[in-house]
Amino acid sequence: VYAAFNGTFRIIKDSEEDSRIYDMARTTMQRLLNDLDNAAVSGGKFVFIAREAKVPDAGFVDLTFASRSHLPFSEDDIPSGLTEITYYIDEGASGDGYRLMRRDSLSEAGEQEGSGQRGFVLCEQLLSLTYQFIDAKGMAHDFWDSSGDREGEKNKVPAIVAIELKLNNKQHKNHPHTFATKVFLPLSTLV
């Protein structure tokens, strides 16, 4: 009876952890999709930059772009407007993987508000987050810089962004939870 009782509670605990991971991944993907779907022109230019992350030897990419999906966090915040969104990686304090952070800097008349503010944690237990940027010709890129001089990227956004998210699986270390999606950027058809 004790073995059955103990086994039942272990299964319940494992199911709760899986449910938490799936909820976190769903929320992360929905936020990414919504932000990318609302990509916008800022000051007459496209702002879409994906560069190697500042976290050493981790292989992550930081993603910055202009969007119309500002998230106000207080009653004093302006409820909507053009914002510069940055997704970046932070080393988790618990040693349980990395954290995906989201910074939202609302801009008014070209001035950045709160550009020094820190982002909020969107996802924990991150093992990897990879983006693939597909241009209008169907060519895939690991990085993107609309402010640079590379042909196909200068003052443009990618046509499609493919996202793969891998989260730590505490029950099976060699089998991470993997989630993937692609998002079409309507803004890419303007150029």
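The exercises below work through a predicted model of one protein chain.

Residues are numbered from 1 along each chain as its sequence is written. In this predicted model, local features need pLDDT of at least 70, side-chain atom pairs count only at pLDDT 80 or more, totals for chains, interfaces and linings use all residues, and side-chain values use heavy atoms, with hydrogens and water left out.

**Exercise 1. The chain as a whole**

Task: State how many helices and strands the chain has, and what share of its residues is buried.

Solution: 
- Step 1. Helices (H or I, at least four residues) and strands (E, at least two) are DSSP runs, numbered from the N terminus.
- Step 2. Read from the N terminus, the order is α-β-β-β-β-β-β-β-β-β-β-β-β.
- Step 3. Buried means under 20% relative accessible area, exposed over 50%, and partly exposed in between (1.4 Å probe, protein chains only). Of the 191 residues in the chain, 41% are buried.

**Exercise 2. Strand E4 and its partners**

Task: Describe how E4 is covered and which way E3 runs relative to E4.

Solution: 
- Step 1. E4 spans residues 61-67, and seven of its seven residues are buried.
- Step 2. On one side stand Val61, Leu63, Phe65 and Ser67, on the other Asp62, Thr64 and Ala66, and both faces are covered.
- Step 3. Two strands pair if DSSP finds at least two bridges between them. E3 (48-52) runs antiparallel to E4, with five bridges joining them. In E4, Asp62 is the residue opposite Arg51.
- Step 4. E4 also pairs with E5, again in the antiparallel sense and over five bridges. Here Leu63 faces Tyr87 of E5.

**Exercise 3. Aromatic contacts**

Task: Find the geometry of the pairs Phe48 with Phe133 and Phe65 with Tyr87, and place each ring in its strand.

Solution: 
- Step 1. Rings of Phe, Tyr and Trp (its six-membered ring) pair if their centres lie within 6.5 Å; planes under 30 degrees apart count as stacked, over 60 as edge-to-face and the rest as tilted. The whole structure holds six aromatic pairs.
- Step 2. The ring centres of Phe48 and Phe133 are 5.9 Å apart and the planes stand at 80°, so this pair is edge-to-face.
- Step 3. Because Phe48 belongs to E3 and Phe133 to E8 (residues 120-134), the pair ties together parts 85 residues apart in sequence. Phe48 counts as buried at 0% relative accessibility, and Phe133 is buried at 0% too.
- Step 4. Phe65 and Tyr87 are stacked, at 6.4 Å centre to centre with 20° between the planes. Phe65 is in E4 and Tyr87 in E5, so this pair links parts 22 residues apart in sequence. Phe65 has 0% relative accessibility and is buried; Tyr87, at 0%, is buried as well.

**Exercise 4. Polar contacts of Thr83 and Asp104**

Task: List the polar contacts of the side chains of Thr83 and Asp104.

Solution: 
- Step 1. A polar contact is a pair of N or O atoms within 3.5 Å; within protein, one must be able to donate a hydrogen and the other to accept it, and residues adjacent in sequence count only if both atoms are side-chain atoms.
- Step 2. Thr83 lies in E5 (residues 83-91) and is buried, at 1% relative accessibility. Asp104 lies in E6 (residues 98-108) and is buried, at 8%.
- Step 3. The side chains of Thr83 and Asp104 are joined by a polar contact of 2.3 Å.
- Step 4. A polar atom of the Thr83 side chain is also 3.1 Å from the backbone oxygen of Ser105. The side chain of Asp104 has a polar contact of 3.2 Å with that of Arg102.

**Exercise 5. Strand E11 between two partners**

Task: Give the number of bridges that E11 makes with E8 and with E12.

Solution: 
- Step 1. E8 and E11 (residues 160-167) are antiparallel and share eight bridges. Leu126 is opposite Leu167 of E11.
- Step 2. E11 and E12 (residues 177-184) also run antiparallel, joined by eight bridges. Val161 is opposite Val183 of E12.
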